[in-house]
Amino acid sequence: MCGRTACSLAADNLRRACAYRDRRGRHRQPDWVRQDRYQPSYNKGPQSSGPVLLSRRHLQQDADSSERVLMDMRWGLVPSWFKQDNPSKLQFNTSNCRSDTMLSKSSYKGALLKGKRCVVLADGFYEWQQQQNGGKQPYFIYFPQTKDAMMEGDEWKGWRLLTMAGIFDCWEPPGGGEMLYTYTIITVDASKDVSFIHHRMPAILDGDEAIRKWLDFAEVPTQEAVKLIQPTENIVFHPVSTFVNNIRNNTPECVARIELGAKQEVKATPSNKVMLDWLKSSQEGSPQKKENDLPKWTSQFIHSPSPKKTSASVLQQWLGKQGQPPAKKHKA
C-alpha cells in the first residue's frame, strides 16, 4: 500500500525535475496549475494535497495530449458521481486503488475509462514493517540516486522523483462552487526486495516512456495503459525513525537514515542543527494560506503549514551522510 509520502522540492525545482520531451521531441517543462496551493512536505498523508502530472488536454480540449501540466490535488479520490455536499462524508477509503479491482469498482472504473490517468510525484514513500514485538518499523523507499545532486541551467540533475501511477477525478459540489480535484495511488503486489516490509506497493512508472504512455490518454487506450501497472525492482530503501509516525512532524528527520538496533532518535548534531536552523529561517516571512481563502469544505483537510523553500540538496545530504552506508536492498 502507500499511506505516506515525502515531496520536499520547491515548486520551481519540481518543474525542472519533471522535464520531458513532447510529441515533436521538444524539451519541455510542465506548466503549473494553481502553483500557489502547493506546499512541500517531508510527511504527506491522505486528505492532504500533493503534486501530480496530467495531460494538458484534461484542462484544455484542443491541447496536444502529450503536453503535461503540474497540479496540486487532494489525496483520496472523490468520484464525480458523489452526491453529498461534503467530500468527508464519503464512507470508504480511496487513498489507494488495487490494480486488480480498478476496472471493476465504481469509484475508479468511470474515471479510468475516461482516461483520467495521472502520475503522483514524491521524493519517496514510507512503509511500515510489522515487528514481532507488536511495533512497526518505518522505511523510506525511493528510486536509486546519483551520487551528487546538482542542477545545470534548466537541466535537472538533482533528486530523481518517484513517479507513481494514479487515477484522478473532479467533483463538483451539488450546490455549486469550486471543483475539487482528487487522486488515488494504484497499488500492486510488492516486488521481491520490499515484500518483507509490506505485501503491497505503489505501481511505479520507471522512465519517461512509461510516464508518456500512462499520461497520453488520447494516444494510448486504457487496455494498453494498464499493462504498465506492475511491480518494479528498481527501488532502494532504508529504515527511518518512528519520528515520521506523527503526521505533524514535517522536517528532514522524517527521511533521515537510522541504524537498526540503535535507539531510534535523530541526534541533534552540529550539522543537523545548522540544517534545521536553515529550514526554520526559510519559513520566516513566507506567506501562509488562510482557511478563509479556501472553500469551506476544504478547511478540514488543511494540515500544518509546510516549508515554502526547500532544496534537492537538503534531502541528498540527509540520505548520503558521510560515514553511513549507501541505501541497499534487503539481504536474505
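Buried residues are those under 20% relative accessible area, exposed ones are over 50% and partly exposed ones lie in between, for a 1.4 Å probe and protein chains only. The model shown is predicted, with local features needing pLDDT of at least 70 and side-chain atom pairs counting only at pLDDT 80 or more, while totals for chains, interfaces and linings use all residues. Residues are numbered from 1 along each chain as its sequence is written, and side-chain values use heavy atoms, with hydrogens and water left out.

**View 1. Ser 107 in helix H2 (residues 106-113).** Helices (H or I, at least four residues) and strands (E, at least two) are DSSP runs, numbered from the N terminus. Ser 107 counts as buried because its relative accessibility is 8%. With neighbours within four places in sequence left aside, Ser 107 is in contact (heavy atoms within 4.5 Å) with Leu 77, Pro 79, Trp 81 and Phe 92. Between the C-alpha atoms of Ser 107 and Trp 81, which stand 26 residues apart along the chain, the separation is 8.7 Å.

**View 2. Glu 253 in the loop between strand S17 (236-239) and helix H5 (270-283).** Glu 253 counts as buried because its relative accessibility is 13%. Its side chain makes a polar contact with the side chain of Thr 251 at 2.2 Å; such a contact is a pair of N or O atoms within 3.5 Å, where within protein one must be able to donate a hydrogen and the other to accept it, and where residues adjacent in sequence count only if both atoms are side-chain atoms.

**View 3. The largest cavity, with a volume of about 40 Å³.** On a 1 Å grid over the protein atoms alone, a cavity is a set of points where a 1.4 Å probe fits but cannot get out, a pocket is an open set with protein on both sides within 12 Å along at least five of seven lines, and lining residues have an atom within 4 Å of a point. Grid points are joined across faces, edges and corners, and a volume is the space filled by probe spheres set on the points. The structure holds two cavities of 30 Å³ or more. Residues lining the largest cavity include Thr 5, Cys 7, Lys 44, Trp 75 and Tyr 183, and the elements giving two or more residues to this lining are strands S1 (5-7), S6 (49-55), S9 (117-122) and S15 (180-189).

**View 4. The second largest cavity, with a volume of about 30 Å³.** The lining of this cavity is formed by Phe 125, Glu 127, Ile 141, Val 194, Ile 197, His 198, Arg 200 and Met 201. Two or more lining residues come from each of strand S10 (124-130) and strand S16 (200-202).

**View 5. The second largest pocket, holding about 540 Å³ of space.** Among the 24 residues that line this pocket, Ala 17, Cys 18, Ala 19, Trp 156 and Arg 160 are the closest to its centre. Strand S13 contributes the largest share of the lining, three residues.

**View 6. Residues 265-313, over which pLDDT stays under 50.** The predictor's confidence in each residue is given by pLDDT, from 0 to 100, and its mean for the protein is 82, with 76% of residues reaching 70 or more. Among the elements, H5 has the lowest mean pLDDT (42) and S9 the highest (98). For residues 265-313 the model has 73 contacts beyond four places in sequence. Where pLDDT is low, the predicted coordinates should not be read in detail.
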